[in-house]
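Student: Please show me the structure, and then let us go through some of its local details.

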Amino acid sequence: MNDYKPPFDEVTREREVRDLELRDGEVPEIEVPEAKSPDGKSPNARRVLRILAIVAAVFAALLILLIVALPFVVSFEAVRGRVLAAAESALHRKVAAGRIRLRIFPLGAGVDNVTVLNRPGFATPTLFSADHVSIRLAFWPLLARRADVRKVVLEGASLTVERDPKGALNVADFLAASVRPSKGAQPATSAATLISNVEITRGRLQIVDRKRVPGETVTTTLDAIEGAILGISASSPARFDFDGRLLADGPPNVTLKGTFGPPKPGRPLGESVLAASLSAKSLALAKLGSYLGAKQEADPGVLSLDATANGAFLGALKLAGNLTLVPREGGGPLPALDGQLTGVLDWPHGALTLEQSPITIARIPLMVQGRVDGLRKAPRVDWKLATPGEVAIDGVSGLPDAAGTLPADFKISGRVRLTAEVAGSMEDRTRHASLAAVPLEVSQGGQSILAAPTATVTLESRVGAPSTGRLSIPAGKLKGAAFQGLLADWSLEKGVLTLSRADAAAPPVSADLSEARGQVLVDALTRLLQDFLTPVGSSPASPASGPASR
């Protein structure tokens, strides 16, 4: 018997086990390696990608078909008709527009040649116009029946505010509506609309005044407006930033920026909180034309200002700022001015209150305060101007009606205390002023004309009546001749200055100054004083004789 056994063989052992499993009827698990394409992707991945590509192609084709079909599916004329009808109902004015264009990427629309006409009775046919108006919409809010307008762009927009000969404004209904509280808004039956941003390019604002000059039209324009209102919402203030050109040629010279709104629920838009800053440089006041008068002498010069406004837009608005006025070369109706002003504009009551503010006129420091009532109808003023104690009078030759009329070597010096008040309307205005000088020295070319330790002048005037007052110089010298007790009532009517003795002991003396300028004016005033100081039948005053010798 052969007992020999071969060595242990693992391969033989695995075959024996497999044969036993086959005999028992079981199917063994066989690992089959997954076949791969030459590009390294499995057949399953290739099938998924192929399906996605087909879906994308179908979607793109459908989208292209939708875009092509939109002009045939949507009636733009019908849409325009409904939009214009809604606009006319809201504005109570005729509204016209040109072609409406739909834009898919980004979602929005555009309208050409938008025009809002004025109501009958106004000379300007158009209240508002724009070359092109475009809007950009957010897609997902449309599913919730809300039109979220991301941006409105107004290109070539123009707004005209007109005042007719009776003083009525073409925007009076809008201003009235802005100060009326809401009586409870009705629930919207269509999609709610929210405008987030407004952008203006090539804008223009025109103020057309047909009342200022009967039979004429005076137009003031703010043009080259560029800017935007951003972040409009019902929960936070909107930001605005605009540039423009006013009373100037060349680049924009006016900047307005700040925040506005939102109004409280149920309250009018005019009660929205406003915080704004305004900068205006080199405003040529001569461009205001008939507001200043038709003569060239009415050109006040160039004004620059920086101001802030805080408060309610059409409520109580606190104003503060700095302003500078540079007279035109050769002088003008106003002197050089530099000051700081603080006040409150109360539009509902039509009042402007100016708090006590420092201002310098012709190098004379002053304090000004006052009030203007009836801004919306017939303005009435109540102003007070005064020096803070005694101040140097050296700049008095730059005051109105003196600048440009006196010789260059004419000089007034001393210290003065001045108070002036103006009250009433344009048709019934009164003025009162008093000036006390300590001392007073008037000279020309270094030669003394008038010298006095003290002198006082008062002024009273009313619209349509001559200016009157009193001149008092207790003692002094006129061209070296001493005098005493100069007390005269004076009046100025149509350029004729008259001095009358307070006791009526002598006839008055007069001088026609209506055409007097320069040296002629100085000589006429000097001669008038000499005639007043010289008694009738006596020789003119001289250093050795005259009133001083009595």
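Student: Which residue has its backbone oxygen 2.8 Å from a polar atom of the side chain of Ser357?

Tutor: This is a predicted model, in which local features need pLDDT of at least 70, side-chain atom pairs count only at pLDDT 80 or more, and totals for chains, interfaces and linings use all residues. Residues are numbered from 1 along each chain as its sequence is written, and side-chain values use heavy atoms, with hydrogens and water left out. The side chain of Ser357 has a polar atom 2.8 Å from a backbone oxygen. That oxygen belongs to Glu355.

Student: Is Ser357 buried or exposed?

Tutor: Ser357 is part of strand S16, residues 351-361; strands are DSSP runs of E with at least two residues, numbered from the N terminus. Buried means under 20% relative accessible area, exposed over 50%, and partly exposed in between, with a 1.4 Å probe and protein chains only. Because its relative accessibility is 1%, Ser357 counts as buried.

Student: Which residues does Ser357 touch, leaving out those up to four places away in sequence?

Tutor: Contact here means heavy atoms within 4.5 Å. With residues up to four places away in sequence left out, the list for Ser357 is Gln340, Leu341, Thr342, Leu366, Met367 and Val368.

Student: How many bridges pair S20 with S21?

Tutor: Two strands pair if DSSP finds at least two bridges between them. Strand S20 covers residues 410-425 and strand S21 covers 429-444, with a hairpin of 3 residues joining them. Ala423 stands opposite Thr430 in S21. The pairing is antiparallel, and its bridges number 14.

Student: Which residue in S23 stands opposite Arg431?

Tutor: S21 also pairs with strand S23, residues 455-462, in the antiparallel sense over 8 bridges. Opposite Arg431 in that strand is Ser461.

Student: Which residue in the turn between S21 and S22 has a positive phi?

Tutor: S21 and strand S22, residues 447-452, run antiparallel and are joined by 5 bridges. Ser443 stands opposite Ser448 in S22. The two strands form a hairpin with 2 residues between them, and the positive phi, about 60°, belongs to Gly445.

Student: Why does Leu246 count as partly exposed?

Tutor: Leu246 lies in strand S10, residues 238-246. Among the residues that Leu246 touches are Thr220, Leu222 and Val254. Leu246 counts as partly exposed because its relative accessibility is 23%.

Student: What separates the C-alpha atoms of Leu246 and Ser282?

Tutor: Along the chain, Leu246 and Ser282 are 36 residues apart. The separation of their C-alpha atoms is 9.1 Å.

Key: Helix = DSSP H or I, 4+ residues; strand = E, 2+ residues; numbered from the N terminus. Polar contact = N/O pair within 3.5 Å; in protein donor to acceptor, adjacent residues only side chain to side chain.
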